[in-house]
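Thank you for making time for this at today's meeting.

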Amino acid sequence: MSFKEITPQQAWEMAQQGAILADVRDAQRYTYSHPKGAFHLTNQTFLQFEELVDFDTPIIISCYHGISSRNVATFLAEQGYENVYSVIGGFDGWMRAELPIDAIY
């Protein structure tokens, strides 16, 4: 495995220290609510992501339940990103941990 799995709490702590938090869910769900400060990583935003993020910057991937984020994390590691993480439980786990979100109310 070319990435590590971390808890939502660990992800939030790392994001506070400068790690990039990326949400890979669909646009509708991302727009409605996502981890606070998360970048919306899609096929369409990948070029922008590449311009913003250095290969040695820690990258944390969050999806719905922590499954598809593993595939994205593997892909990023294959592209040369050195510190890639997948959030265990995804956004579902993030919400259960009651961590900060950006949301439309």
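What you see is a predicted model, in which local features need pLDDT of at least 70 and side-chain atom pairs count only at pLDDT 80 or more, while totals for chains, interfaces and linings use all residues. Residues are numbered from 1 along each chain as its sequence is written, and side-chain values use heavy atoms, with hydrogens and water left out.

Let me start with the record. UniProt, in an unreviewed entry, lists residues 15-103 under "domain: Rhodanese"; its positions are given in the numbering used here, feature names are shortened, and annotations may be inferred rather than shown by experiment. In the model, that span is 37% helix and 22% strand, and its end C-alpha atoms lie 18 Å apart. When I say helix or strand, I mean DSSP runs numbered from the N terminus, helices being H or I with at least four residues and strands being E with at least two.

Where does UniProt place the feature "active site"? The unreviewed entry puts it at Cys63, and in the model cysteine 63 lies in the loop between E5 and H4. Cysteine 63 counts as buried because its relative accessibility is 1%; here buried means under 20% relative accessible area, exposed means over 50%, and partly exposed is in between, with a 1.4 Å probe and protein chains only. Leaving aside neighbours within four places in sequence, cysteine 63 is in contact, that is, has heavy atoms within 4.5 Å, with Val24, Arg25, Ser68, Ser69, Gly90 and Phe91.

Serine 62 lies in strand E5, residues 59-62, and serine 62 is buried as well, at 0% relative accessibility. With the neighbours within four places again left aside, the contacts of serine 62 include Asp23, Arg25, Pro35, Val87 and Phe91. Serine 62 and phenylalanine 91 are 29 residues apart along the chain, yet their C-alpha atoms are separated by 6.2 Å.

Now to the charged side chains. Side chains of opposite charge can pair when their charged atoms come close. How many salt bridges does a search of the whole structure find? The search finds five, where a salt bridge is a side-chain nitrogen of Lys or Arg within 4 Å of a carboxyl oxygen of Asp or Glu.

One of them joins aspartate 23 to arginine 25, with the closest N and O atoms 2.9 Å apart. Aspartate 23 is buried, at 0% relative accessibility, and arginine 25 is buried too, with a relative accessible area of 5%. Another pairs aspartate 26 with arginine 29, and there the closest N and O atoms are 3.8 Å apart. Aspartate 26 counts as partly exposed at 31%, and arginine 29 is also partly exposed, at 48%.

A further salt bridge is formed by the side chains of aspartate 102 and lysine 36, at 3.3 Å from N to O. This pair links distant parts of the chain, 66 residues apart, since aspartate 102 is in strand E7 (residues 101-103) and lysine 36 is in the loop between strand E3 (33-35) and strand E4 (39-40). Aspartate 102 is partly exposed at 25%, and so is lysine 36, at 41%.

Tyrosine 30 is found in helix H2, residues 27-32, and is buried, with a relative accessible area of 14%. Beyond its neighbours within four places in sequence, tyrosine 30 is in contact with Asp23, Arg25, Ala38, Phe39 and His40.

Which residues line the largest pocket? They are Val24, Leu41, Thr42, Asn43, Phe46, Val72, Phe75 and Leu76. Helix H4, residues 68-78, gives the most to this lining, with three residues. A pocket here is worked out on a 1 Å grid over the protein atoms alone, as an open set of points where a 1.4 Å probe fits, with protein on both sides within 12 Å along at least five of seven lines, and lining residues have an atom within 4 Å of a point.

Finally, a backbone angle. Most residues other than glycine have a negative phi. Glutamate 98 has a positive phi, near 60°, and lies in the loop between helix H5 (90-96) and E7. Glutamate 98 is exposed, with a relative accessible area of 70%.
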